[in-house]
Amino acid sequence: HAASAGRSTCRYNVGVLLLRLNGGAKAVEMPVEACREIRAEFVDVATDLDPTFRLLFALGLRSWELGDLESSLGLFMFLSEAGGAKAHRNAARLWEEAVLPHAEADEA
């Protein structure tokens, strides 16, 4: 459950376990689907741990805390495009909180 919630440590451990279960360093003998699944786990961890990504994510959180939802949404949408799953979830939540209510009010 924690890995699916986006926790980097758990995702890394899942990747290592999948690698071990599928032959470890013998990547030549590993099924293609297993390689793709393992790669996906490690790519998500690498994205989340990138220093620039982390800095921009923190800036997005701070903007959200200070009530600057537009800036926060813009940052999280940008990071979502860069492959950040947590940023994608935050952008979706902000979209629902900040944009949709205004759009519905404008339609009414």
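**Surface contacts and salt bridges in the predicted model**

Trp95 is located in helix H5, which spans residues 85–107; helices (H or I, at least four residues) and strands (E, at least two) are DSSP runs, numbered from the N terminus. The structure is a predicted model, in which local features need pLDDT of at least 70 and side-chain atom pairs count only at pLDDT 80 or more, whereas totals for chains, interfaces and linings use all residues. Residues are numbered from 1 along each chain as its sequence is written, and side-chain values use heavy atoms, with hydrogens and water left out.

The chain has a mean pLDDT of 85, with 87% of its residues at 70 or more; pLDDT is the predictor's confidence in each residue, from 0 to 100.

Together with Met77 and Leu100, Trp95 forms a nonpolar surface patch that has about 260 Å² of accessible area. Patches are made of residues with over 30% relative accessible area and no salt bridge, like charges being joined within 9 Å and nonpolar side chains (Val, Leu, Ile, Met, Phe, Trp, Tyr) within 5 Å. Accessible areas come from the Shrake-Rupley method with a 1.4 Å probe, and for residues only the protein chains shown count as cover.

Six salt bridges are found in the whole structure, each defined as a side-chain nitrogen of Lys or Arg within 4 Å of a carboxyl oxygen of Asp or Glu. In helix H5, Arg93 and Glu97 are four residues apart, about one turn of the helix, and they form a salt bridge with the closest N and O atoms 3.1 Å apart. Glu97 is partly exposed, at a relative accessible area of 40%.

Helix H2 (residues 32–49) contains both Glu33 and Arg36, three residues apart. These two residues are joined by a salt bridge whose closest N and O atoms are 3.0 Å apart, and both are exposed. In helix H3 (residues 51–65), Arg62 and Glu65 are likewise separated by three residues, about one turn of the helix, and their side chains form a salt bridge at 3.3 Å, N to O. Arg62 is partly exposed, with a relative accessible area of 45%, while Glu65 counts as exposed at 60% relative accessibility. A network of salt bridges links Arg11, Glu41 and Asp44.

Technical notes
Buried means under 20% relative accessible area, exposed over 50%, partly exposed in between (1.4 Å probe, protein chains only).
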